[in-house]
Amino acid sequence: MEDFWKRAKSFAEEAAKKSQTLTDSSKFADLVSETTKRSKEFAAEASKKADQIKIAALKQADQIKSFSDIIPPQLSSSLSIPNFSDLQNLGVTDDLRAFVKGLTSSTFQNFPIKPDEAEASDVTTTASNVRKDLNEFQEKHATLVLTTVKEISRLRYELCPRVMKERHFWKIYFTLVNTHVAP
């Protein structure tokens, strides 16, 4: 690419020198014609290089996207990719994922469970930012659901802590999925 710019610069310098020495109109017309022709060649070459760069960038973006679909950034350092038996053992089935994808913020906001008044604000969280006030099964289940169902992760981000406390969110979630999950 650098070679291309050096050639274009030297061509422009050469054209500038020739234009200063021109006195004959026929020589000037030849210079304009040559300049036009070479400018078109440079433009075509630049366009070709730009297309090559674009294709390479799109390929790299697709590779990056495919990696980010597998593991969310906040979990990439702490979790391995869940295997099928882990998902099944923790109740994260296709049926559950389909059900969870249908949950909305209004489902949580209008759910008839009152939030706990005396919530501990100093409860620690795991690497995936799931509260430690859940039991071990719930914590693992919640982590797997957050990594495999983007919709619930977005919903949790939308609701917690702006609309409801984390504890209240998970209390409603586990009440809703109770029939889908058997610990």
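Helices here are DSSP runs of H or I with at least four residues, numbered from the N terminus. The model is predicted, so local features need pLDDT of at least 70 and side-chain atom pairs pLDDT 80 or more, while totals for chains, interfaces and linings use all residues. Residues are numbered from 1 along each chain as its sequence is written, and side-chain values use heavy atoms, without hydrogens and water.

An α-helix has 3.6 residues a turn, so residues three or four places apart point the same way.

Ser105 belongs to helix α5, residues 105–109. Ser105 is buried, at 18% relative accessible area. Contact means heavy atoms within 4.5 Å. Beyond its neighbours within four places in sequence, Ser105 is in contact with Leu155, Glu158 and Leu159.

The loop between α7 and α8 contains Pro161. The peptide bond from Cys160 to Pro161 is cis, and its omega is near -5°.

Side chains of opposite charge can pair when their charged atoms come close. In a salt bridge, a side-chain nitrogen of Lys or Arg is within 4 Å of a carboxyl oxygen of Asp or Glu. The count by this rule is five. One of the salt bridges joins Arg156 and Glu166, with the closest N and O atoms 2.8 Å apart. This pair links distant parts of the chain, with Arg156 in α7 and Glu166 in α8, 10 residues apart. Arg156 is buried at 10% relative accessible area. Glu166 is also buried, at 13%.

Glu14, Glu34 and Arg38 form a network of salt bridges. The closest N and O atoms of Glu14 and Arg38 are 4.0 Å apart. Glu14 lies in α1 (residues 2–21) and Arg38 in α2 (residues 25–70), so the pair ties together parts 24 residues apart in sequence. For Arg38 and Glu34, the closest N and O atoms are 3.8 Å apart. Both residues lie in α2, four residues apart, about one turn of the helix. Glu14 is partly exposed at 34% relative accessibility, Glu34 at 32% and Arg38 at 25%.

Key. Helix = DSSP H or I, 4+ residues; strand = E, 2+ residues; numbered from the N terminus. Buried < 20%, exposed > 50% of the residue type's maximum accessible area, 1.4 Å probe, protein only.
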